[in-house]
Amino acid sequence: MLEIKNVEKEFGGIKAVHDCSLAVREGTITGLIGPNGAGKTTLFNIISGFYRPDRGEIIYRGERIDGLRPHEVYHRGIMRTFQITRELQKMTVLENLMLIPKNQKGEKLRHIFFDPGGVRRQENEIKEKALAVLEFVELISLRDEYAANLSTGQKKLLEIARVLMSDADMVLLDEPGAGVNKTLLGKLADNIRRLSAGGRTFFLIEHDMDLVMSLCDPVIVMSEGTKLTEGRPEDIRKDMRVLDAYLGV
Amino acid sequence: MVIGGLEGYLIVFLVMSGIFAILTLGLNLQWGITGLFNIGIAGFFAVGAYTSAIITTVQSPDHLGGYGMPFITGILGAGALSGMIAWLVGIPTLRLKGDYLAIATIGIAETIRLIFTNESWLSNGTRGITGIPGPLREVLPHYYYNLFYLLITAAFAGLAFLFIERALHSPWGRVLRTIREDEMMAAATGKDVFHFKMQCLVTGAVIMGVAGGLYAHFIGFISPEVFKPMQFTFLIWVMLIVGGAGNNKGAVLGAVAVWGLWTGTEFLIDALELSTDYQTKAGALRIITISIALELILLLRPEGLLGETKKTFD
């Protein structure tokens with residue numbers, strides 16, 4: 001579904017991503033692990049259009065997407081989240097979700113003034129969907145709260161809610177488990193599994209090995225900007241090269 | 001009915017308040033809602049004023065124009081040219097992060113003022129353009145003319161208010177606020193950030209240009225001196241900050257309140273019966289008063305008199 005071919009990205013002489021090739025198959029929850037500085041987040045930034053690769057290709061559903069701008073990548077059906085939760089602080093939880101659907105009529109000035117009825121109808125549909133999503137992730141009581149006032153765990157749930165709100169086929173999650181307690185972690189994992197069963201493909205960076213081992217298959221290991229190995233979680237666990245990469249031997 | 005001195009003064013005050021309110025609404029769209037750091041308001045205002053003046057005045061050897069077109073054509077031209085300049089400024093700067101737009105806009109505003117100062121064929125240089133006509137000025141007695149002009153200004157201010165308010169409480173406004181809060185997030189959720197910022201910069205500039213046209217026709221005379229950054233850039237910022245960035249009602253309230261304070265210092269100077277030595281320094285007193293007001297607001301009520309309101313749904 002997503003193919004990365006010989007991608008390179010250099011920052012001032014340092015190769016953050018170096019001749020990296022890997023693939024994510026449709027319907028999987030593919031994990032991406034590796035020591036700090038391995039280039040995982042850089043790779044996500046390249047896939048989602050925030051960075052342009054110096055070399056290499058990114059192919060999504062048979063079409064090249066490298067060189068597209070971030071909003072164009074989103075329109076192709078790839079959604080990403082950020083390592084540090086980026087909620088829209090002075091906007092309510094509900095608004096954070098209502099923003100997500102693409103091609104909203106009311107985002108065009110001419111429709112606002114010449115087709116207010118159509119805009120209102122669509123806005124109502126989006127609102128109903130957002131309310132249902134909030135009900136599902138159990139954030140409904142906070143619907144009119146500014147997102148800035150949410151706890152870290154609630155912000156992570158809001159992130160999942162944003163994924164639910166979108167119609168993206170592929171979701172890139174950058175450390176969904178960071179700073180989340182065990183109970184909530186289980187809830188997040190359940191949500192990801194349920195969404196995956198619903199037909200979405202996940203590609204996620206995670207440092208919590210328990211979460212990776214229980215959730216992801218396959219697991220891809222990155223080290224020094226490139227793919228080190230890939231396999232089933234139980235094999236990765238036993239792979240000495242992976243241990244070496246983490247320990248820097 | 002005869003309009004006396006005080007009422008006459010009040011009407012002039014309100015017309016100017018209306019023009020300031022339009023400018024502040026334009027800035028609210030750009031900064032309060034979208035986070036575009038425009039500190040070249042006076043430039044767009046000047047383009048509007050000169051454009052409308054050139055379009056509507058009768059032929060003169062002193063400057064370009066003399067097209068003698070009607071008032072409304074002048075106002076439309078003012079908005080259009082100001083918007084076009086914003087578009088040109090936006091192309092290279094809007095892809096960059098916030099501060100670059102600030103530097104570019106202040107640079108453009110100063111460049112515009114210097115062009116109007118030095119290109120005499122265009123604008124009659126420092127002597128400025130005189131005899132800018134006003135609608136029905138020849139027909140109506142002076143006082144009634146001002147009253148009539150107040151209605152026109154109020155109509156334009158109302159239109160700007162309703163336009164921004166309507167657009168704001170729509171998905172369009174939601175995208176603009178998203179860009180203000182987090183540009184990367186907006187892009188990651190499929191919004192074409194550059195496109196929305198451009199729409200907002202240009203729309204704001206059109207509004208500022210219209211205000212410039214209204215000013216030129218009201219005063220009847222413009223010169224580059226008027227368009228120094230003090231009155232029509234920094235004062236507008238004070239108005240928005242005092243009134244409450246992100247709130248259209250706040251923008252209007254801030255415009256009236258700060259303009260009241262600005263003109264009010266004139267009475268204060270008279271009342272204090274200062275020596276002539278101090279009277280000549282009255283301008284400084286004005287700036288000090290405004291600065292103190294700004295400091296007080298920032299300390300006591302940083303969100304402004306009317307802060308941004310939370311958007312909720314039934």
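The following legends describe close-up views of a predicted model.

**View 1. The contact between chain A and chain B.**
In this predicted model, 36 residues of chain A are in contact with 32 residues of chain B. The size of an interface is often given as the accessible area lost when the parts come together. Here the area buried between chain A and chain B is about 3300 Å², and carbon and sulfur atoms give 60% of that area.

In one salt bridge, A:Arg69 is joined with B:Asp192, and their closest N and O atoms are 3.1 Å apart. On the side of chain A that touches chain B, the elements giving two or more residues are α2 (70–76), α3 (93–98), α4 (109–114) and α5 (116–136) of chain A. By class, this side of chain A has 17 nonpolar, 13 charged and 6 polar residues.

**View 2. Strand β3 of chain A.**
Strand β3 (residues 29–33) of chain A is largely enclosed by the rest of the structure, because 5 of its 5 residues are buried. A:Thr30 and A:Leu32 point one way from β3(A), whereas A:Ile29, A:Gly31 and A:Ile33 point the other way.

**View 3. The strands paired with β3 of chain A.**
Strand β8 (residues 201–205) of chain A runs parallel to β3(A) and is joined to it by 4 bridges. Within β8(A), A:Leu204 is the bridge partner of A:Gly31. Strand β9 (residues 219–223) of chain A also runs parallel to β3(A), with 3 bridges between them. Within β9(A), A:Val221 is the bridge partner of A:Ile33.

Key: Residues numbered from 1 in each chain as written. Chains lettered and ligands numbered in written order. Predicted model: local features only at pLDDT ≥ 70, side-chain atom pairs only at ≥ 80, totals over all residues. Heavy atoms only, no water. Contact = heavy atoms within 4.5 Å. Buried area = accessible area lost by both parts, 1.4 Å probe. Salt bridge = Lys/Arg side-chain N within 4 Å of Asp/Glu carboxyl O. Nonpolar A, V, L, I, M, F, W, Y, C, P; charged D, E, K, R; others polar. Buried < 20%, exposed > 50% of the residue type's maximum accessible area, 1.4 Å probe, protein only. Pairing = 2+ DSSP bridges.
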